[in-house]
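Subject: Structure handover

Hi,

Here is the structure I promised to pass on to you. Have a look at it first, and my notes follow below.

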Amino acid sequence: MGHAALPVFYNVDPSHVRKQTGSYAQAFAKHGGVYKEQMEKVIKWREALTELHGVNMPRYPWTDGPEYITQCPIQPGSKFSQKIILSSEEGTIWWHAHSDWTRATVHGAIIVYPKNGTKYPFHKPNAEFLIILGQWWKSDVNAVRDEGLATGADPNASDALLINGQPGDLYPCSKSSTFKLTVDHGKTYLLRIINAALHEALFFAIAKHKMTVVGTDGSYTKPLTRDYITIFPGQTYNVLLEANQRPDHYYMAAITYSVAPKYRNFYDNTTTTAIVQYRGYYTPSSPPSMPHLPAYNDTNASVQVMASLRSLANAEHPCNVPLSTSTNLIYTVSVNTYPCINDSCAGANGTRFSSSINNISFHSPTIDILEAYYYNISGVYGDKFPSVPPLVFDFTADYLPLVYELPSSATEVRVLEYNSTVEIVLQGTTVVSGTHHPMHLHGHSFYVVGWGFGNFDENRDPLRYNLVDPPLQNTISVPSKGWVAIRFEASNPGVWFMHCHVERHLTWGMETAFIVKNGKHPEAQMLPPPSDMPPC
Ligand SMILES: [Cu+2]
């Protein structure tokens, strides 16, 4: 692993969070290496933390980011150096705040180029562009969050979707600032697309152009050519765009994928656009042509990329999927409700929304789990997270008794032996809402070996697993009324968060953590904490 000192200073400025100017920064790195990011705290009104989304951080969970999981919040006015250790990641990963809803605008790309002496596993593109998809509210995002928590309702939908901080031509008064991407006819471009939206899964397409997916979540894939992609919150896709059409202006556009009824204000039903403009002398079409996107609630369309995505699985980029597993877990992911006195809350039928994994809604501790584990502080968390759902029922039935809606509340984690081979079946349910859940694991990338609609069948479904060339990802969406199976080797000692990347589901408790124990050898053990860990 090469080492390089690349200090990147980020001032987390509250005016950016409030005004949502779509600020984003990017960092570049070579494959492998250690980087330091100085988080300078200038926030006076709330704490912010930065999560390294998709960086596996070998043996070093200390600066992974999520509050009360691996560290306590950085106090206003204080500093914390965030060491970034890159290992096997290659492609596009990112960083974002991981405290309250500040990540709406406090986020940016981390681009990892091939190691010196190696090349892309595809023709080198002529140029590359970053496409960061986001969400924008007219009001303070944390006020939206607080209002939702106060009433028990789904928080208000955003007012706009964004491409590189701009909503685009189809919103009032924003046409002059629409993001434009200039291309030369005959050239090929690498687009690094990140879904940084807080809640929305997005269909994304470019008019009259196909996209060829060549990577996802900091890992390469076999080329997959598509008219549109579905990108869930937290995911990244690297796609090749060939500028092979008549020189003109073409819209790229994104809309929300949602199973919520359209008349409810549950999701942002607007369309964000940017323009691909060919260089040259011509009169551009006005307006530019729009891409064809699936219907907003087309669940079959939402799984098309996932259904065909494959890793390279060759000599240069081998697939190391565990062929057998020592630890088999089944986790249900559900939206839940708590009853309110006189049905006085604004959630479904007068209740308050919640969410859970294996019916446990995560209760955030007051000191971080990593510190409690490292220093043997008892009473902070329990290590009895259930391996299977506590109640077994027809998880994806159209109608379920109300009794299934109530979760329990606890701070439970699952302890994994070092080097154990783990399979997790993430099973969606139709409790309250049979929606999708993009589940994100810290500390490990995982192979997505299988998925399906309905209930996972432990006798039949494993026979159809892809153990040859499954994609290596760090965020995978459990499909609406379906399940997904992931495998990884627990070879990274530390405390690692796993959560839904739909921000309101995370706020409601759809999260847990794994503790991966140390191995015997010193190089299989957690590194000591840095001296500037924020005090709890
Ligand atoms: Cu979710």
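Let me start with burial: a residue is buried if 20 or more other C-beta atoms lie within 10 Å of its own, exposed if 12 or fewer, and partly exposed in between, with C-beta atoms placed from the backbone. By that rule Asp 343 counts as exposed, because it has 10 C-beta neighbours inside 10 Å.

Please keep in mind that this is a predicted model: local features need pLDDT of at least 70, side-chain atom pairs count only at pLDDT 80 or more, and totals for chains, interfaces and linings use all residues. Residues are numbered from 1 along each chain as its sequence is written.

**Domains and annotation**

The protein is divided into domain 1 (8-113), domain 2 (127-308) and domain 3 (327-524), with bounds that come from an automatic or database domain assignment. The C-alpha centres of domain 2 and domain 3 lie 28 Å apart. Between these two, 23 residues of domain 2 are in contact with 27 residues of domain 3; contact here means that the C-beta atoms, placed from the backbone, lie within 7 Å. On the side of domain 2 that touches domain 3, α2 (141-151), β14 (219-226) and α3 (299-302) each supply at least two residues. The largest share, three residues, comes from α2. Helices (H or I, at least four residues) and strands (E, at least two) are DSSP runs, numbered from the N terminus.

UniProt, in an unreviewed entry, places the feature "domain: Plastocyanin-like" at residues 51-116, 128-280 and 408-519. UniProt positions are given in the numbering used here, feature names are shortened, and annotations may be inferred rather than shown by experiment. In the model, residues 51-116 are 0% helix and 38% strand, and their end C-alpha atoms lie 27 Å apart. Residues 408-519 are 5% helix and 49% strand, with end C-alpha atoms 33 Å apart.

**Two open sheets**

Two strands pair if DSSP finds at least two bridges between them. His 249 has Gln 277 in β18 as its bridge partner.

Val 276 is also found in β18. Why is Val 276 buried? It has 24 other C-beta atoms within 10 Å, which is why it counts as buried. Leaving out residues up to four places away in sequence, Val 276 touches Leu 181, Val 183, Ile 206, Tyr 250 and Met 252. The C-alpha atoms of Val 276 and Met 252 are separated by 6.8 Å, and the two are 24 residues apart along the chain.

Another open sheet has five strands in the order β23-β31-β30-β25-β28, again with mixed pairing. Its edge strands, β23 (413-416) and β28 (475-478), each pair on one side only. Strands β30 (residues 494-500) and β31 (residues 511-516) pair in the antiparallel sense over six bridges, and Gly 494 stands opposite Val 516 in β31.

**Around β19 and β20**

β19 (residues 327-338) and β20 run antiparallel, joined by six bridges. Val 333 has Ile 357 in β20 as its bridge partner. Strand β20 (residues 352-357) has six of its six residues buried: Arg 352, Ser 354 and Ser 356 on one side, and Phe 353, Ser 355 and Ile 357 on the other.

Gly 152, in the loop between α2 and β9 (160-163), is in contact with Cys 340, Cys 345, Ala 346, Gly 347, Thr 351, Arg 352 and Phe 353, leaving aside its neighbours within four places in sequence. Gly 152 counts as partly exposed because it has 19 C-beta neighbours inside 10 Å.

**Backbone points to check**

Most residues other than glycine have a negative phi, and most peptide bonds are trans. Asp 343, in the loop between β19 and β20, has a positive phi near 50°. Lys 208 has a positive phi of about 60° and lies in the loop between β12 (201-206) and β13 (211-216). A cis peptide bond, with omega about -5°, joins Ser 286 and Pro 287; Pro 287 is in the loop between β18 and α3.

Best wishes
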